[in-house]
Amino acid sequence: MLVKTIKDMKSIVKKLKEKGKSIGFVPTMGYLHEGHISLIRCSKKDNDVTVVSIFVNPIQFGENEDLDRYPRDIERDLQICRDEGVDFVFYPSADEMYPDGFSTYVEVEGLTNRLCGAFRPGHFKGVTTVVNKLFNILQPDRAYFGEKDYQQLKVIQKMVKDLNMNVEVIGCPVVREKDGLALSSRNKYLSEKERESALSISRALFEGKKMFEKGEKDPQKIISKMKKIISSYPEVKNVQYIEIVDPETLEPKKKVEKGDLIAVAVFVGNTRLIDNIKI
Ligand SMILES: Nc1ncnc2c1ncn2[C@@H]1O[C@H](COP(=O)(O)OP(=O)(O)O)[C@@H](O)[C@H]1O
Ligand SMILES: [Mg+2]
C-alpha cells in the first residue's frame, strides 16, 4: 500500500503497534534493484510488517551532485514492492519531509570525517537527519542497510547507539552482478564503455583481498596494486580513495589484519561509484 503523507503513515504505525506487530524498515532512494530486494527479503523474514521508504533525500546531495538526474521510476518500484510482498511503501514529497522553515539536523561527528565524508561535506548530516526523521515516523523494530554503503551503516549504528534509539540496525551483504560489479541505482548512468571500466573496482577489491590472503600485510603495497588495476581502465577519471581501514573506527591501518575493510570510491566517467570488501 502506497502512503504519501507523514500523518497517514503515523496513524498506520500506531495501529500496527497497538496490534503488537513488529515493523521492519528498508530506507531507499528508489530505482530499486536486487540490492534493495535483498534488504526487503531480510526484513520480511524477521518482522510481521515490512515498510519500504522511497525518498530521494535532497539534503544529502552536494551542490554539484546528481540530485536532479538521480534515476526515478516509481511505478516500477511499486511493482517490485508488490511482487516482494512489501506491506507499505512510504513515498513522501520533499516538501512533506522538509516544509518551509525546517531547521533541525542530526550530525554524527568523527566517523563522518573519513572516507566518503571527506569528499562529500554535509552528506552524512543529510543522511542521519533523514534517517532520524524516518525512524521517528515509522518506529521500526529493525532497519536494514546494505554493506555496499559501509560507512553509512556504521554512521547510522553510531547515531542509534549515541541517541539511545529503539531500533536494531542490521547490515546486509553487498549484492553484485555476476561479473562482480556492486549493484547501485547509479549504475544506470554508465555507458557501455563505462560499465566495462566500472568492473575495475570489484576486480581491484578481489585482488587486494587475494594479496592479503597470500600474506601481504603492508597496506601501501595492496593499495598501490589496486590503484594500478583501477587506473588502467580507460573510463576511470578519478580515484577518490582506496583505503584499508579498521571496520569499526574506519581509521586507516598501518598493518593489515583479518576483518579489515578495503574501501574504494572512483569516478567512472561522471559517475561516482563506491564499493568495499572485508578481508
Ligand atoms: N549492491 C547492494 N547490495 C546491498 N545493499 C545495497 C546495494 N546497493 C544499495 N544497497 C542498499 O540499499 C539501501 C538504499 O540505497 P540507495 O541509495 O537507494 O541505492 P544505491 O546505493 O544503489 O543507489 C542502502 O542501505 C544501500 O546500502
Ligand atoms: Mg545510494
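**Entry 1: β7 and β8.** I began with strand β7 (residues 236-245) and strand β8 (residues 261-268), which pair in the antiparallel sense over eight bridges; two strands count as paired if DSSP finds at least two bridges between them. The model is predicted, and local features need pLDDT of at least 70, side-chain atom pairs count only at pLDDT 80 or more, while totals for chains, interfaces and linings use all residues. Strands (E, at least two residues) and helices (H or I, at least four) are DSSP runs, numbered from the N terminus. Within this pair I found E243 opposite A263 in β8. I then looked up burial, which is taken as under 20% relative accessible area, with exposed over 50% and partly exposed in between (1.4 Å probe, protein chains only). Eight of the ten residues of β7 are buried, so the strand is largely enclosed by the rest of the structure.

**Entry 2: the open sheet.** I traced six strands forming an open sheet in the order β1-β4-β3-β2-β5-β6, with parallel pairing. β1 (2-3) and β6 (168-172) stand at the edges, each with a single partner strand, so one side of each is left without a neighbour in the sheet. Further in, β2 (residues 23-28) and β5 (residues 142-146) run parallel and are joined by two bridges, and F25 stands opposite A143 in β5.

**Entry 3: helices on the sheet.** Helix α2 (residues 34-46) packs on the sheet and touches β2, β3 (49-54), β5 and β6. Contact here means heavy atoms within 4.5 Å. The direction of α2 makes about 155 degrees with that of β5; axes are lines fitted to C-alpha atoms, for helices over the stretch in contact, and angles run from 0 to 180 degrees between N-to-C directions. Helix α6 (residues 123-138) lies across β2, β3, β4 (88-90), β5 and β6, and runs at about 150 degrees to β2.

**Entry 4: α6 against α7.** I next took α6 with helix α7 (residues 150-162), which pack at an angle of about 55 degrees with their axes 10 Å apart. The contact is made by residues including F124, V127 and F135 of α6 and V155, I156 and M159 of α7.

**Entry 5: E207.** Last, I looked up E207, which lies in helix α8 (residues 192-213) and is buried, with a relative accessible area of 19%. Leaving aside its neighbours within four places in sequence, E207 is in contact with K225 and I229.

**Conventions.** Residues are numbered from 1 along each chain as its sequence is written, and side-chain values use heavy atoms, with hydrogens and water left out.

Methods
Chains are lettered from A and ligands numbered from 1 in the order in which they are written.
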